[in-house]
There are 2 protein chains.
Amino acid sequence: MDQRRLRIGVAGLGRAFSLMLPTFLRDPRVQLVAACDPRADARRQFAADFAAPTYADVAALADDDNVEIIYIASPHQFHAQHTEIAAAKGKHVLVEKPMALGAADCDRMIAACRAAGVHLMVGHCHSFDTPYLRTRELIRLGEFGAVKMIQAINYTDYLYRPRRPEELATAEGGGAVFSQAAHQVDIVRMLAGSRAIRLRASVGRWDPSRPTEGAYSALIWFENGAYASLSYNGYGHFNTDEWSGWIGEMGDRTSPDTYGSARRRLKTLASSNDEADLKAAGTYGGSAYKPPAAADEPQRFHQHFGPIIVSCKHADLRPLPDSIVIYGDEQRQTLPLPVPVVPRAEVIDELYGAVVDGRRPLHDGEWAKGTLEICIAILKSSETGADVTL
Amino acid sequence: MDQRRLRIGVAGLGRAFSLMLPTFLRDPRVQLVAACDPRADARRQFAADFAAPTYADVAALADDDNVEIIYIASPHQFHAQHTEIAAAKGKHVLVEKPMALGAADCDRMIAACRAAGVHLMVGHCHSFDTPYLRTRELIRLGEFGAVKMIQAINYTDYLYRPRRPEELATAEGGGAVFSQAAHQVDIVRMLAGSRAIRLRASVGRWDPSRPTEGAYSALIWFENGAYASLSYNGYGHFNTDEWSGWIGEMGDRTSPDTYGSARRRLKTLASSNDEADLKAAGTYGGSAYKPPAAADEPQRFHQHFGPIIVSCKHADLRPLPDSIVIYGDEQRQTLPLPVPVVPRAEVIDELYGAVVDGRRPLHDGEWAKGTLEICIAILKSSETGADVTL
């Protein structure tokens, strides 16, 4: 019997799509059947790669009867509108994180998908990574006792990677809180296994040439009594890969020897236009675009989002790119994780489970709205200098 | 010319004294000339080791004309009273951290020493460790720009080491906040280089058999705009020595192979009396007491208090047990630190500077009161669920 394949139309062939492309290429449960993008170069590349129709906008893509799911990977500020367009045509929606820029937009998206009877899923997000999903399952078995404290830290060069101007404008969904806390908060919520009720945070904005949040620290309290401490620093100095065995966010081997490369590359650019051009050139269909490595290259490590330690009453659990270490009362154990055959296959697991088997996805619209509300509360708490009740 | 030697009388021959003893033995600038302790065994050992008089209480020690400095290493709750007794007899005071259990006690101690015209110094505390003092100096040179964000993390087995009952009672100065935040907060304040103005925190108490704080996380804001995120977990699972090259708090080599040893030892004890006995036995003069290793054993690493990253505008600085790593805008540099010939010699540097050269110590009463106020604010913020203004 042939594998049932999900027929996906892609809205937006930018950076998020490039990062999901290895998954779409290697996972036999999906096929890309159409796409839209305002850039003609990207459309040409897609048509050539997939022998599939391309459109200039989402409305036209949503009219394609062969599409059953629209993967919305357009810039953040378009997520809500594009979701409504997709749902109105009866398409299931997989929308990139952050879900939207405000809770009202999330509500519109949830309502539109509910009214149309289609699934709404939000991702990829690193909370899909197997080390976190498996840690969550281990905690839910109960043998380690209740979650009490979570520590999540990530130091990267996020702010100095090539950016479009809007990615450096908080009001347009740019900056470390919308883009990076969206991962970290999602992971922490999932591991806490309880509703977040309060939050206190501080954000860092200390490079006027990149005028958005580059860093934050937050304390989050959960209904079950657990609390979490989150810190992110994207200013490109210390790199927490050093504490993850030099395995990078994408499950790739990283190295201390490339120190400072993001800043160095950026220095060669004269203007923010040059920077946006550089980003576009490296994106799907651009002049410097590199297709994903061949599928036969073995991937040994899972993706991750920096060091995380979950302290339960009777054990600390530490999800790593290839294993979970359980620091128990009596002994320390390492649970090896299966090697990831297809990167981010967890997204397809959940999407397939929803569309084919009717299982409610973990990363549905309500869930993702909760994460966005926390991200917005991080900004608000820092601004008002007080707790935010969630 | 002979070295001028500080003549120190020791008030309290317990655990804190044991940890300072290698310093007193090896540093030619000090000599131990008297001691007091309620335990006859400890007094006997001291008299034998130092051919020096011993007394049953601090008042008698303070009457010894040969003593010029009293090192107050009695239990926390006696620090204020013992400082007053010492000062009244014109002795300089070196008092262990935490300075006292409340700000009013600190004020009494400061006033007593000021009235008597004697120095008041608080320590040892890990903020004396060379890696932190040197990092502070580097920051003050200004080339890395202002401090923006500090991350301090420490996971230990603190709560399961042998304890006297009062060490597990917060009201008596027990628990991770009074005992361990006193180090971490002091280091962070010193590196921030500015007055702490606000704080939000959460504490963890999740083992009813050790009914005090075993963990905390805190956000602290400073006048200069910097903020710090501190986390401590003493519940004996994950150990941050793993992120410090398996160098322990005392600058010793630690190992993943001794996992769980503190809990295992504790399990062999039937009661809290047995536990206090075990602690006493291992303390100076006790039946299982081991004197410090010979002075010719080379010490390669500085003491430390877990991973710390100071993010300045243009560099992250990371103090390590043998070096400081500077993650700059352009490059990463490692500054090796001189090997510590005498452990904790930094305490004697400061004490000698004050008593002999009349230099105001960094760790004076006002400074240490500031740290205690933050520790108390950590407890208060967690209890009230709101910011504490400092």
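User: What does pLDDT tell me, and what is the average for chain A?

Analyst: pLDDT is the predictor's confidence in each residue, from 0 to 100. Chain A averages a pLDDT of 95, and 98% of its residues score at least 70. The model as a whole has an ipTM of 0.94 and a pTM of 0.95.

User: Which ground rules apply here?

Analyst: This is a predicted model, where local features need pLDDT of at least 70 and side-chain atom pairs count only at pLDDT 80 or more, while totals for chains, interfaces and linings use all residues; side-chain values use heavy atoms, without hydrogens and water. Residues are numbered from 1 along each chain as its sequence is written, with chains lettered from A and ligands numbered from 1 in the order in which they are written.

User: How do I read the relation between chain A and chain B?

Analyst: Two copies of a chain are related by a rotation about an axis and a shift along it. Here, a rotation of 180° with 0.0 Å of shift along the axis places chain A on chain B, with an RMSD of 0.0 Å. That is the relation of a two-fold axis.

User: Which residue of chain A comes closest to the rotation axis?

Analyst: A:Trp243 does, with its C-alpha at 3.3 Å.

User: How do I judge the size of the interface between the chains?

Analyst: The size of an interface is often given as the accessible area lost when the parts come together. Buried area is that loss, found with a 1.4 Å probe and summed over both parts. Chain A and chain B bury about 4,400 Å² between them. Of this, 55% is on carbon and sulfur atoms. A:Trp206, A:Trp243 and A:Tyr259 supply 16% of the area that chain A buries against chain B, more than any other three residues.

User: How many residues are in contact?

Analyst: Contact means heavy atoms within 4.5 Å. By that rule, 50 residues of chain A touch 50 residues of chain B. The copies meet through the same surface, because 100% of the interface residues of chain A are also interface residues in chain B.

User: How many salt bridges are there between chain A and chain B?

Analyst: A salt bridge is a side-chain nitrogen of Lys or Arg within 4 Å of a carboxyl oxygen of Asp or Glu. Eight link chain A and chain B. One of them joins B:Glu330 to A:Lys267, at 2.8 Å from N to O. Over all chains there are 52 salt bridges.

User: What about a salt bridge inside chain A?

Analyst: A:Asp37 pairs with A:Arg39, with the closest N and O atoms 3.4 Å apart. Buried means under 20% relative accessible area, exposed over 50%, and partly exposed in between (1.4 Å probe, protein chains only). A:Asp37 is buried at 5%, whereas A:Arg39 is partly exposed at 26%. Another salt bridge joins A:Asp41 and A:Arg44, at 2.6 Å.

User: How many disulfides are there over all chains?

Analyst: A disulfide needs two cysteine sulfur atoms within 2.5 Å. The count is zero. The sulfur of B:Cys36 is 16 Å from the closest cysteine sulfur, in B:Cys113, too far for a bond. For B:Cys375, the closest is in B:Cys125, at 9.2 Å, also too far.

User: Are those two, B:Cys36 and B:Cys375, buried or exposed?

Analyst: B:Cys36 is buried, at 3% relative accessible area. B:Cys375 is buried too, at 2%.

Note on methods: Copies are superposed by least squares on the C-alpha atoms of residues with pLDDT of at least 70 in both. Buried area is the accessible area (1.4 Å probe) that two parts lose on being put together, summed over both.
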